[in-house]
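Please look at the sequence and the model below before reading on. The report then describes parts of the fold.

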Amino acid sequence: MLKDWTLFEKVWLVVFTAVNISVYFAWNNTLIGLISSISGMLCVVLVAKGKISNYYFGIIQTGTYAYISYVYGLYGEAMLNAAFYFPLQFIGIYFWKKNQIGEGTIGEDVAVKRLNKKQWVWLSIFTVASSALYAELLYMIGGQQVRIDSVAVVLSIIAQILMVKRFAEQWVLWILVNVLSIALWAITLFNTGGNDYIMLVMWTAFLINSIYGYINWIRMSKMQGGAEA
């Protein structure tokens with residue numbers, strides 16, 4: 001499984017796993033939180049490498065994270081993962097296998113695409129409008145931190161679609177999602193007195209990985225010709 005992994009990727013995985021386990025015992029975190037965090041890290045690292053196997057770990061992570069979010073009243077996160085992320089893992093497996101171009105030093109080597117300027121403009125308009133509308137919905141059902149939650153959810157949906165469609169720009173949105181999610185969980189844990197600090201560790205690791213993923217997918221795009229959609 002690790003035969004084509006770089007030293008950075010191996011060290012990063014070992015360090016993150018060790019930090020997760022340490023936080024789990026130090027703060028008496030929940031077992032489901034630990035499972036969600038580690039499976040999520042494996043998922044995003046494999047996405048950064050362009051490996052189809054990321055979706056198998058994604059199935060575990062989205063299911064467990066949906067439950068944790070629901071318990072803390074983060075209904076936007078819960079609905080996003082249960083109703084969108086989870087089923088999209090299976091769709092992602094289909095589309096990535098369909099566009100697989102052989103195994104190599106950068107993983108499964110799925111064909112990478114790029115967004116053009118017009119697509120970026122429409123993406124921005126849709127994001128702002130959808131975030132405002134979703135915030136109102138979350139407020140009506142009594143959600144917590146609705147503004148941050150709504151923006152994070154909308155960006156996550158768009159980023160996940162871009163991921164399934166193999167766009168390198170997914171990583172720009174994932175970086176924003178991870179920053180918002182760190183703030184969301186920090187505020188939520190402080191306000192509720194919860195002890196699932198492993199969620200903060202997970203989202204911080206996701207942020208670092210998303211930066212690496214963007215660099216790696218741009219490299220993959222250049223190696224493949226960098227075609228726009």
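## Basis

This is a predicted model, in which local features need pLDDT of at least 70 and side-chain atom pairs count only at pLDDT 80 or more, while totals for chains, interfaces and linings use all residues. Residues are numbered from 1 along each chain as its sequence is written, and side-chain values use heavy atoms, with hydrogens and water left out.

## Helices α2 and α3

Helix α2 spans residues 31–48 and helix α3 spans residues 54–71; helices are DSSP runs (H or I, at least four residues), numbered from the N terminus. The two pack at an angle of about 145 degrees, with their axes 8 Å apart. Axes are lines fitted to C-alpha atoms over the stretch in contact, and angles run from 0 to 180 degrees between N-to-C directions.

## Ser-36

Ser-36 lies in helix α2. Ser-36 has a relative accessible area of 0% and is therefore buried (under 20% relative accessible area, 1.4 Å probe, protein chains only). The side chains of Ser-36 and Thr-64 are joined by a polar contact of 3.2 Å (a pair of N or O atoms within 3.5 Å, one able to donate a hydrogen and the other to accept it).

## Nonpolar core

The largest nonpolar core has 60 residues; such a core is a set of buried Ala, Val, Leu, Ile, Met, Phe, Trp, Tyr and Cys residues joined through side-chain atoms within 4.5 Å. Met-41, Trp-96, Trp-185 and Trp-217 have the most contacts inside this core. Helix α8 supplies its largest share, 11 residues.

Terms used:
Buried means under 20% relative accessible area, exposed over 50%, partly exposed in between (1.4 Å probe, protein chains only).
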